[in-house]
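Please keep the sequence and the three-dimensional view at hand while reading.

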Amino acid sequence: MTTTPDVPGRAGEFVRQLGGRARLHDLYDDTGSGVYDDLCAADTSELREILHLVRRTKGPVLELAAGSGRLTFPLLATGREVTALELSPGMLRLLTDRLAEAPARLRERCLPVRGDMSRFALGRRFGAIVLGTTSVSLLDENGRAGLYRAVAEHLLPGGSFLVSVIDPAPGEVTDPETEFAVTGATGRRYRMAEYWPPAAATRTVTVLPADPPAEGPVDVCVSTVRIVSADRLAAELTGAGLVVRARHALPGGGPRHREVLLEVGTA
């Protein structure tokens, strides 16, 4: 279990009602990683757009914040060599376990690496570097600056850095909290609450069991991420000496945001 922020909104009220039964987890610790994997296993958002752009590049692929392999295995299926960098030990363990069960033709072309996407040095360059699942929002401004430097040092000439980002949608907010039901790949049911006050610099996602037990501990997973618009990200990338070649609208999103994929190269 890792240190997590206070749970805001109605989800926080539920946690307070649980009292000592509530066990708070970061969404990327050992417990949270399993929940995250269950929720995202069948998620195909951004997959088609990323694979299309990766196929236009040549050379090996570096996937940052690879998680448990939601994008890793489709990238391997393109026939490319993939280095999968992930900081969370729990996520990396899920990925390596899944690779161990994969066909040799995929397993032999994947190198899982524990590392920080804000400062990595792999000693080689890649035709495509992928940072999906809007994971760039996990980094603060200094972390993003480190990411841009590392990407520039690892991208082959003519290669592409593909990074997805949440772009806040204009409109009046009547309720800062959105809650919906989600069923994971295992069939487990969850309540997912997003707390995002107007003009806030962060949003907090809380995942709770839809049917908590009447007795005993209840695991609650929390993640607070930064709001980084596509315009701000593009400006930062340009300021770091990179070139934003294109913006691609992604399907999905929600009432408060859109998702955008930036296609970036070196000058």
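## The end of helix 8

Gly 241, whose phi is positive and near 90°, follows helix 8. Helices (H or I, at least four residues) and strands (E, at least two) are DSSP runs, numbered from the N terminus. The model is a predicted one, in which local features need pLDDT of at least 70, side-chain atom pairs count only at pLDDT 80 or more, and totals for chains, interfaces and linings use all residues. Residues are numbered from 1 along each chain as its sequence is written, and side-chain values use heavy atoms, with hydrogens and water left out.

Which residues of helix 8 are buried? In this helix, residues 230-239, they are Ala 230, Leu 233, Ala 234, Glu 236 and Leu 237. Here buried means under 20% relative accessible area, exposed means over 50%, and partly exposed lies in between (1.4 Å probe, protein chains only). Seen down the axis of helix 8, the buried residues fall within an arc of 160°, so they line one face of the helix; the arc is that of the directions from the helix axis to the C-beta atoms. An α-helix has 3.6 residues a turn, so residues three or four places apart point the same way.

On the other side of helix 8, the exposed residues are Asp 231, Ala 235 and Gly 239. The cover over the buried residues of helix 8 includes helix 7 (141-154), strand 6 (155-168), strand 11 (242-250) and strand 12 (257-266), where contact means heavy atoms within 4.5 Å.

Helix 2 is mostly covered, with 8 of its 11 residues buried. These are Gly 32, Ser 33, Val 35, Tyr 36, Asp 37, Asp 38, Leu 39 and Cys 40. Strand 1 (22-26), helix 5 (89-100), strand 7, strand 8, strand 9 and strand 10 are included in what covers them. Within helix 2, Asp 37 counts as buried at 12% relative accessibility. Leaving aside residues up to four places away in sequence, Asp 37 touches Ser 68, Leu 94 and Arg 98.

Helix 3 (residues 47-54) is also mostly covered, 6 of its 8 residues being buried. Leu 47, Glu 49, Ile 50, Leu 51, Leu 53 and Val 54 are the buried ones. Their cover includes strand 2 (61-64), helix 4 (72-77), strand 5 (126-131), strand 6, strand 11 and strand 12.

## Aromatic rings and charges

Rings of Phe, Tyr and Trp (its six-membered ring) pair if their centres lie within 6.5 Å; planes under 30 degrees apart count as stacked, over 60 as edge-to-face and the rest as tilted. By this rule there is 1 aromatic pair. The rings of Tyr 28 and Tyr 36 have centres 5.5 Å apart and planes at 45°, so the pair is tilted. Tyr 28 counts as partly exposed at 24% relative accessibility, whereas Tyr 36 counts as buried at 15%.

A charge sits over a ring if NZ of Lys or CZ of Arg is within 6 Å of the ring centre and within 35 degrees of the ring normal. The charged end of Arg 203 sits over the ring of Trp 196, 6.0 Å from its centre. Arg 256 also lies over the face of Trp 196, at 4.3 Å from the ring centre.

## The largest pocket

How many residues line the largest pocket? The lining comprises 32 residues, of which Asp 43, Phe 180, Met 192, Arg 203 and Glu 259 lie nearest the centre. Helix 2 (30-40), strand 7 (177-183), strand 8 (189-195), strand 9 (202-209), strand 10 (218-226) and strand 12 each give two or more residues to this lining.

## Loop residues

Ala 65, in the loop between strand 2 and helix 4, has a positive phi near 50° although it is a residue other than glycine. With a relative accessible area of 22%, Ala 65 is partly exposed. Thr 134, in the loop between strand 5 and helix 7, is not a glycine either, yet its phi is positive at about 45°. At 10% relative accessibility, Thr 134 counts as buried. Most residues other than glycine have a negative phi.

Key
1 Å grid on protein atoms, 1.4 Å probe; cavity = no way out; pocket = protein on both sides within 12 Å on 5 of 7 lines; lining within 4 Å.
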